[in-house]
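These are notes for a colleague who is seeing this structure for the first time. They go through it point by point.

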Amino acid sequence: MSASYALLGILGRQSSYGYELKRDYDFFYGKDKPLAFGQVYATLSRLLRDKKISTQAAEQSGGPERKLYAITNMGRSDLESWLATPEKLHPNTQTVLFIKVVTAILLDKAPNEYLDAQRAAHLERMRELTALRRKGDLAQLLQADYALFHLEADLRWIDLTVARLQALTKEIQMRGVLHER
Amino acid sequence: MKDSGFILEAREVTKSFGLTRALQGASLEVRQGEILAIMGPSGSGKSTLLHCLAGIFKPDSGEVWFDGQRLDQLDETKRTELRRTAFGFVFQFGQLVPELSAADNIALPLLLNKVGRKEAYEKAVSWLKRLDLDGLEGRRTGELSGGEAQRVALARALVTHPRVLFADEPTGSLDSLSGEKVMDLLVDIAREEGRTVVLVTHEARVAAYADREVIVRDGKTSTQAKAEVAQ
């Protein structure tokens, strides 16, 4: 979904050929995760089908036909609406962490050991991102910042959960007694 | 004298303040040139541990070793001397003299170490340049922004070329951008000059500048194990 809007964004700047879109996408958005040509053309087909882009001109110079893609009014309006709409939160990571903590308590394992290991893994990733942002350009820095702040939020949740483990264990054990057959 | 290969070590250190047991057997080791983060929640004992490592507090029991010598067994005069010559400090607040200029503040530790006035001020000005503060030498520290003042504090801590830099929440009172600038400079200089850094922070983003972290919880230390990340 984001790749469609990223391509629309590039086309919002200027009409482009397919290979230019791939090059610009990789440069502006996907230094670490370049877009495959197949994905570029599949996305362009969907955008054409939805009338968000059009093929403006075809050019032939002895080689295969090249299509120049351009954003339509509908595409621009959709792009602007997407930009103005806040994203839904993605609580997946937190959900997995929570399920692991509760599972550890249910199985009488030590959830604090799991949380300590998770903290170490988070900090290791934060170290990598910090190193990356210190040698990268501003675009890479902003992407690393985004990831760092999310990892930091997870860590704050981990710290708070560690502080509440005793109470949580008590509560889960009491519920467990109620549900025992 | 046992050579452990570490420049700084705490072994089973305890420290109480009245009935409050701040440290209850904290241990850690720091290698030469390493940047170590001490993390933990408020009141966990992380700042007390830093103060014991730096010879500011004398532990109730346990050992603190610096460069092969028992720091905790030195008398106050020798510990003060060591703090002035071998250690540098950056704290969250209030370490600069507000009545003095930025250059005065940076030159001060050199003057206390009997460095000549001209040389001390030349060094102060060169450190100001190094920390992107050129032109601010005559400015009183009370007239500087929080980020600028903290960079002056960093310059003052590093001007004597300390073997260990102790930083206690160095970005705690700064906004994100100013904090980032301070940490970038601190780490760049520490790496360039091979300085050892002990950094106390509760912020994971700051700890991520370090080579590794030690967690302090209820006055005890635990080094985090490396974890394989699920794919």
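1. A residue counts as buried if 20 or more other C-beta atoms lie within 10 Å of its own, and as exposed if 12 or fewer do. By that rule, 1 of the 12 residues of helix 4 of chain A is buried, so this helix lies largely in the open. The model is a predicted one.

2. The length of helix 4 of chain A can be checked too. Helix 4 covers residues 73–84, and at 1.5 Å a residue its 12 residues should span 16 Å; the end C-alpha atoms are 17 Å apart, which agrees.

3. Chain A as a whole contains 8 helices and 3 strands. Read from the N terminus, its elements follow the order α-β-α-α-β-β-α-α-α-α-α. The chain has 181 residues, of which 18% are buried. Among contacts in chain A with a separation of 6 or more, 51% are between residues 24 or more positions apart.

4. How is chain A divided into domains? The domain assignment gives domain 1 as residues 2–84 and domain 2 as residues 92–179. Between the C-alpha centres of domain 1 and domain 2 of chain A the distance is 38 Å.

5. Helix 2 of chain A, residues 18–28, has buried residues at L21(A), K22(A), D24(A) and Y25(A). The buried residues of this helix pack against helix 1 (2–13), strand 1 (16–17), helix 3 (37–49) and strand 3 (66–71) of chain A.

6. Chain B has an open sheet of 4 strands in the order 2-1-4-5, with antiparallel pairing. Its edge strands are strand 2 (20–30) and strand 5 (69–70) of chain B, each of which pairs on one side only.

7. Within that sheet, strand 1 and strand 2 of chain B pair in the antiparallel sense over 8 bridges. V13(B) stands opposite A26(B) in strand 2 of chain B. The two strands form a hairpin with 2 residues between them, and G18(B) in the turn has a positive phi of about 65°.

8. Strand 1 of chain B (residues 8–17) is also joined to strand 4 of chain B (residues 61–66), by 5 bridges, and these two run antiparallel. Here R11(B) stands opposite E63(B) in strand 4 of chain B.

9. Which strands does helix 1 of chain B lie across? This helix, residues 46–53, lies across strand 1, strand 2 and strand 4 of chain B, and runs at about 120° to strand 1 of chain B.

10. The largest nonpolar core has 80 residues, and those touching the most other members are L36(B), I38(B), L49(B), I106(B), V198(B) and L199(B). Helix 5 of chain B (residues 146–158) gives the most to this core, with 7 residues. A second, separate core of 11 residues includes I10(A), L21(A), Y69(A) and I71(A). L21(A) is also one of the buried residues of helix 2 of chain A.

11. L49(B) deserves a separate look. Leaving out residues up to four places away in sequence, L49(B) touches A10(B), V13(B), L23(B), A26(B), I38(B) and V216(B). V13(B) and A26(B) are the residues that stand opposite each other in the pairing of strand 1 with strand 2 of chain B.

12. Finally, the two chains meet: 16 residues of chain A are in contact with 14 residues of chain B. On the side of chain A that touches chain B, helix 6 (111–135) and helix 7 (138–163) of chain A each supply at least two residues. Helix 6 of chain A gives the most to that side, with 11 residues.

How values were computed
Residues numbered from 1 in each chain as written. Chains lettered and ligands numbered in written order. Predicted model: local features only at pLDDT ≥ 70, side-chain atom pairs only at ≥ 80, totals over all residues. Domains from an automatic or database assignment. Expected span 1.5 Å × (residues − 1). Pairing = 2+ DSSP bridges. Contact = placed C-beta atoms within 7 Å. Axes fitted to C-alpha atoms, helices over the stretch in contact; angles between N-to-C directions. Core = buried A, V, L, I, M, F, W, Y, C linked by C-beta atoms within 7 Å.
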